[in-house]
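I opened my notebook to record what I looked up in this structure, one topic at a time.

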Amino acid sequence: MATLQNIRNKSGLLLAVIGIAMLAFILGDLLKSTNSSAGGVYIGEILGEDISIKRFQQEVDEGIENWKVQNQGAVLNQLTMTQIRDQVWSKIVRETIMEKEFTELGIDVSDDEFFELLQGVNVHPEISRVPSFQDPATGQFDRTRVLGYLKQIDQDQSGESRTRWINFQKYLINLIKNSKYNSLVEESMYTTNAEAQIDFNSN
């Protein structure tokens, strides 16, 4: 009886708590829907940076298009779609993390440096492996074909050639930055004579 009386006495407080909880729940849903309508839909967070579902889907679409170009006539099944999505997410994670490292360390690729790697004396291996930049008869890299390709980009009214080139350019610049970063890490690693002796003795 005493317990029932206590509940009756505190029923006002209980109703107030339930009312506040319901209000918070409703306001939470309202704020979520407002963010969604404003384009604030996120698929995840990397190092405090929100990754929008729009960016993710755009990169998945690009991945699908690349797959179709490389596998003409093949059927895109659910397993391949899942693999493309996984690859895209891993790529976004890697790029987001590394871009912060590049910025902090001042690692970048200048326009002159990129142009030199594109058609200079020491052409980047990824450039020389592109079939469009190779002589059909010999299979050897041909610099004139690079210039020809770049000139015809603006003639493509669909804009597909420009989009493909921009994506390839981003990919290549990222490779160069990673190569610089790896070289920096390798140069910073040093083994003292004492450490070498300890390692030798342990073996």
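My entries below go through salt bridges, a pair of helices, a surface patch and one further residue.

**Ground rules.** I note that this is a predicted model, in which local features need pLDDT of at least 70 and side-chain atom pairs count only at pLDDT 80 or more, while totals for chains, interfaces and linings use all residues. I number residues from 1 along each chain as its sequence is written, and I take side-chain values from heavy atoms, with hydrogens and water left out.

**Salt bridges.** I learned that side chains of opposite charge can pair when their charged atoms come close. I counted a salt bridge where a side-chain nitrogen of Lys or Arg is within 4 Å of a carboxyl oxygen of Asp or Glu, and the search of the whole structure gave 7 of them.

I looked up E59 and found its salt bridge with R55, where the closest N and O atoms are 3.3 Å apart. The two are 4 residues apart in helix α3 (residues 53-70), which means about one helical turn lies between them; helices here are DSSP runs of H or I with at least four residues, strands are runs of E with at least two, and both are numbered from the N terminus. E59 is buried at 15% relative accessible area, whereas R55 is partly exposed at 26% (buried is under 20%, exposed over 50%, partly exposed in between, with a 1.4 Å probe and protein chains only).

I then turned to E113 and K180, whose side chains meet in a salt bridge at 3.0 Å, N to O. E113 lies in helix α5 (residues 111-119) and K180 in helix α8, so this pair ties together parts that are 67 residues apart in sequence. I also noted that salt bridges with shared partners join R55, E59, K91 and E95 into one network.

**Two helices.** I checked helix α7 (residues 143-153) against helix α8 (residues 160-188), and their axes come within 8 Å and cross at roughly 130°. The axes are lines fitted to C-alpha atoms over the stretch in contact, with angles from 0 to 180 degrees between N-to-C directions. The two helices are therefore oblique to each other, since angles under 35 degrees count as roughly parallel, over 145 as roughly antiparallel, 65 to 115 as roughly perpendicular and the rest as oblique.

**One further residue.** I placed T80 in helix α4 (residues 78-105), where T80 counts as buried at 12% relative accessibility. T80 and W67 are 13 residues apart in sequence and 9.3 Å apart in space, C-alpha to C-alpha.
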